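Please walk through the model below, starting from a pair of packed helices and ending at a pocket.

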Amino acid sequence: MSKTPERAATGVALFDLDGVLVRGDTFTRLLRRHLSRSRWRAALVMPVTPLLAVRPLRAIAVRMIMRLALLGFDAARFRARAEAFGRELPAERDVVIPEGIATLRRHVEAGDRVVIVTACERELARTLLDTLGLGEVELISSQLVWGRFGVTRGSLHNHGARKPRQLAAHGIEPPWEHAYSDSLADLPMLAAANHAVLVNPDGRLALRAQHALGGRLRIVHW
């Protein structure tokens, strides 16, 4: 169980979204719902999905699946779809992580600058946070860029080492006081925190994180 932040010690507290405040990958959930309602798009995506199991090709496969799934969409159409899904998702069983939300709120109450730093797409993440009653919390996220036929290469994927760069672009420089994540993809963000918190890791992930971060790491199970 996490400890309550001390009210006198204010600073920057960074939270990942998926796996920390909600279970699962929010954007993947949206794409799955979308593909379940569009058979021809699902047929386009199907030949690419085996590449997800090939580690060197996984990132390429993810981009291809996203572009194929959203083929023919524009910004307005996607926004409507994302906002509808973001409003509906918190009502699903076991999606919201109450301990994560409560921990974030304690940081807000302590006077910390709380920022959600996520790979989730901006419109979807913002609507989800608003629905969770976290509309006042800052958000740094992935951003899709739209062209004539859908998502273009100019899109920004706020993942891994890109997160500290995006934080710097928003005036947040390391070290920050707190960082919460469930993934070692966020090691660059966790490593720059005075207090790094790994959420719900299995044994192997916990050992790898402890080896990388040492005494700054705290493990919680929510």
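What follows treats the helix pair and then the pocket.

The model is predicted. Two packed helices are described by the angle between their axes and the distance between the axes. Here, helix α1, spanning residues 26–36, packs against helix α4, spanning residues 75–88, at an angle of about 110°, and their axes lie 11 Å apart. Because angles of 65 to 115 degrees count as roughly perpendicular, α1 is roughly perpendicular to α4. The crossing of these two helices, α1 and α4, is right-handed.

The contact can be followed residue by residue. On the α1 side it involves Thr 26, Phe 27, Arg 29, Leu 30, Arg 33 and His 34. These meet Phe 78, Arg 81, Ala 82, Phe 85 and Glu 88 of α4. Sorted by class, the contact of α1 with α4 comprises five nonpolar, two polar and four charged residues.

The second topic is empty space. Rolling a probe the size of a water molecule over the atoms shows where empty space is left. The largest pocket has a volume of about 1,500 Å³. Its lining consists of 42 residues, and the closest of them to the pocket centre are Asp 25, Val 62, Ala 119, His 157 and His 159. Helix α1 returns here: together with α3 (58–69), β2 (113–121) and α9 (203–213), α1 is one of the elements that give two or more residues to the lining of the largest pocket. The most comes from α3, which gives seven residues to that lining. By class, the lining of the largest pocket divides into 17 nonpolar, 11 polar and 14 charged residues.

Note on methods: Residues are numbered from 1 along each chain as its sequence is written. This is a predicted model: local features need pLDDT of at least 70, side-chain atom pairs count only at pLDDT 80 or more; totals for chains, interfaces and linings use all residues. Side-chain values use heavy atoms; hydrogens and water are left out. Axes are lines fitted to C-alpha atoms, for helices over the stretch in contact, and angles run from 0 to 180 degrees between N-to-C directions. Helices (H or I, at least four residues) and strands (E, at least two) are DSSP runs, numbered from the N terminus. Angles under 35 degrees count as roughly parallel, over 145 as roughly antiparallel, 65 to 115 as roughly perpendicular and the rest as oblique. A crossing is left-handed if the near helix is turned anticlockwise from the far one by less than a right angle, and right-handed if clockwise. Contact means heavy atoms within 4.5 Å. Ala, Val, Leu, Ile, Met, Phe, Trp, Tyr, Cys and Pro count as nonpolar, Asp, Glu, Lys and Arg as charged, and the others, Gly among them, as polar. On a 1 Å grid over the protein atoms alone, a cavity is a set of points where a 1.4 Å probe fits but cannot get out, and a pocket is an open set with protein on both sides within 12 Å along at least five of seven lines; lining residues have an atom within 4 Å of a point. Grid points are joined across faces, edges and corners, and a volume is the space filled by probe spheres set on the points.
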